[in-house]
Amino acid sequence: MASQHKDTDKTDNIGEKHVRRSISLRFIRHSESQNNQVYRDARRIYKGGTPDFDLHGWTNYVDERRRADPGLSSTGDIQAQKLARYLEPHLKNQASSPVCFIVSPMRRTLLTILPTLEALNKNVSSSSSNNNNNNNNKHADKAADACHVIINGFYFESEGCHTRERVEPGMNAAQINALLSPANTHPTFVGFQSGIERGWYAHGTGPETRAESEERAAKFYLWLVEFLDEQLHTAEEENAHDVFDAGVTLPEEENEIDHDRLGVRTRRRRTTICVGHGDFMSLVLKRIVAGFGHAVEEEGVPHRSAFVHYNTGITELEYFGNGRFLIMSSNQLPHLSSPDDANYVTGGSLKDGWGYLMPSENLLDAEVSIAYADEIQPHVKEQTEAMRSLYLSKKIDSDLPLDDTVKSNVDRDTSNEVTIVVKRGLQVVGCASLDEKTGVLHDVVVRPSARRSQVGESLIEAVMKHAKHSKDIDKLVVQANAGGKDLFEKMGFTTVDDSEENDDEYSSEIIRMECKL
């Protein structure tokens, strides 16, 4: 753990003096659906991902069998039952009541969590549950229920609900209530954009685009954080017994084993469980990990990073308020841990198609952005500083042509300096700094892995284009060593003073080069 600033009062470094209340949060992917099985079988039959892939056969097979809002496969039914047999004792022994379930409106998520809701609510009479929507009895009935179910209309899987790109409305509130009726629970509904009397995707105009999925993930993330913040705020106001600093062990808890997920706890914790879908859960988890700064991918380009979940895989988090999360574990299957359960572990390997989230090289087009030194976004500044530290301070290798710009004086005046950055999505692959008064080009660097492409040329072209719009610059000046000379000559620079030039590709001797604008 990083130490605190040296001037900070020493007592502030003692973590135990601060109370850190948190809510236990879980993300659970649905059981294997009928569509999961269709795609898995199609990939095997038609040799997906191989040179012999039969696209026509694959398409026909999927179109004939895929459903807009499928139920569970036979394997998925067993996974849901095994999940319930784990969650029932776990939640009864370690979670306070009611446990909050935030569930996608899609059929496969509802059927995944239904056995758990039935097990937890089996002692709740249907008459008590039927009064859940009666405002006069709301607090009394929630206390009696073991579950509080929220169907969130923002939490469906990417692409929405469609058959061969024809929109299907999905289930409405009445249909979802009927499906969940064996559990004696009547959920609340949020995020149904056309009203709960219509289907959750009735507002759709076609399959959801990637950009629309990203936008919806931001909405759900914001809704979830607000929901959890309100829980923490209310708990503090009411001095609730189930929201506390779980890092503190009371004397009566000394014999409890922290990693025992089934053992009885002296203090049961407030717990929220989100039951959703592999791809959309990944979009939400990216925002949890990075906040808003790093989460959104370039339009038209799939993820550069993603979270993979098996069917019924569980990710555990702690929420401390104001958007602060700890990820405690990811994609765990405690309910499928015995050797006999191996056949029921599905949906979490590359053979299940997760590789499609990674972009192919031809999609990684570079984009150029320009900002003044004090306007660079924090995540861009972090990457540019790391690149300069890694590559500008090294001796020049023969295959690192842009490492050779002399590292500039860190004390130079940067008030007239702009930074030109070449990015692939959110990843910085090249950068340079230009003094708009003197025309001096500093700290030109391109990541080694990007040098096979035209990133170096794109970077210098952007510098030249920007410099031509400056009233004060009639030429660009750069100090390079031999390894980078070829690139600058290609871009129109000429050597001004080559008295120190050395043919050794590893040389760090300085060459002054200029380019008239």
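Tutor: Let's start with K490, which is exposed at 57% relative accessibility. Keep in mind that we're looking at a predicted model.

Student: Which residue does K490 form a salt bridge with?

Tutor: The general idea comes first: side chains of opposite charge can pair when their charged atoms come close. Here, K490 pairs with E457, and their closest N and O atoms are 2.9 Å apart. E457 sits in helix α11 (residues 455-467) and K490 in helix α12 (residues 482-490), so the pair links distant parts of the chain, 33 residues apart.

Student: Is E457 buried or exposed?

Tutor: E457 is buried, because its relative accessibility of 13% falls under the 20% cut-off. K490, at 57%, is over the 50% needed to count as exposed.

Student: How many salt bridges are there?

Tutor: The count comes to 21. Some of them share partners, and in that way E88, K92 and K122 are joined into one network.

Student: What about D279: which residue is its salt-bridge partner?

Tutor: That's R210, with the closest N and O atoms 2.8 Å apart. This pair also links distant parts of the chain: D279 belongs to helix α9 (residues 278-290) and R210 to helix α8 (residues 210-238), 69 residues apart. D279 is buried at 5% relative accessible area, while R210, at 25%, is partly exposed.

Student: And how far apart are the closest N and O atoms of E208 and R216?

Tutor: They are 2.8 Å apart, and the two residues form a salt bridge. E208 counts as buried at 10% relative accessibility. R216 is buried too, with a relative accessible area of 4%.

Student: Now the helices. How do I describe two that pack together?

Tutor: Two packed helices are described by the angle between their axes and the distance between the axes. Take helix α4 (residues 107-120) and helix α7 (residues 173-180): they pack at an angle of about 35°, and their axes are 10 Å apart.

Student: Is the crossing of α4 and α7 left-handed or right-handed?

Tutor: The crossing is right-handed.

Student: Which residues meet there?

Tutor: On the α4 side you'll find R107, L110, L111, L114 and L117, and they meet I176, L179 and L180 of α7. Sorted by kind, the residues of this contact give 7 nonpolar, no polar and 1 charged.

Key
Residues numbered from 1 in each chain as written. Predicted model: local features only at pLDDT ≥ 70, side-chain atom pairs only at ≥ 80, totals over all residues. Heavy atoms only, no water. Salt bridge = Lys/Arg side-chain N within 4 Å of Asp/Glu carboxyl O. Buried < 20%, exposed > 50% of the residue type's maximum accessible area, 1.4 Å probe, protein only. Helix = DSSP H or I, 4+ residues; strand = E, 2+ residues; numbered from the N terminus. Axes fitted to C-alpha atoms, helices over the stretch in contact; angles between N-to-C directions. Left-handed = near helix turned anticlockwise from the far one by under 90°. Contact = heavy atoms within 4.5 Å. Nonpolar A, V, L, I, M, F, W, Y, C, P; charged D, E, K, R; others polar.
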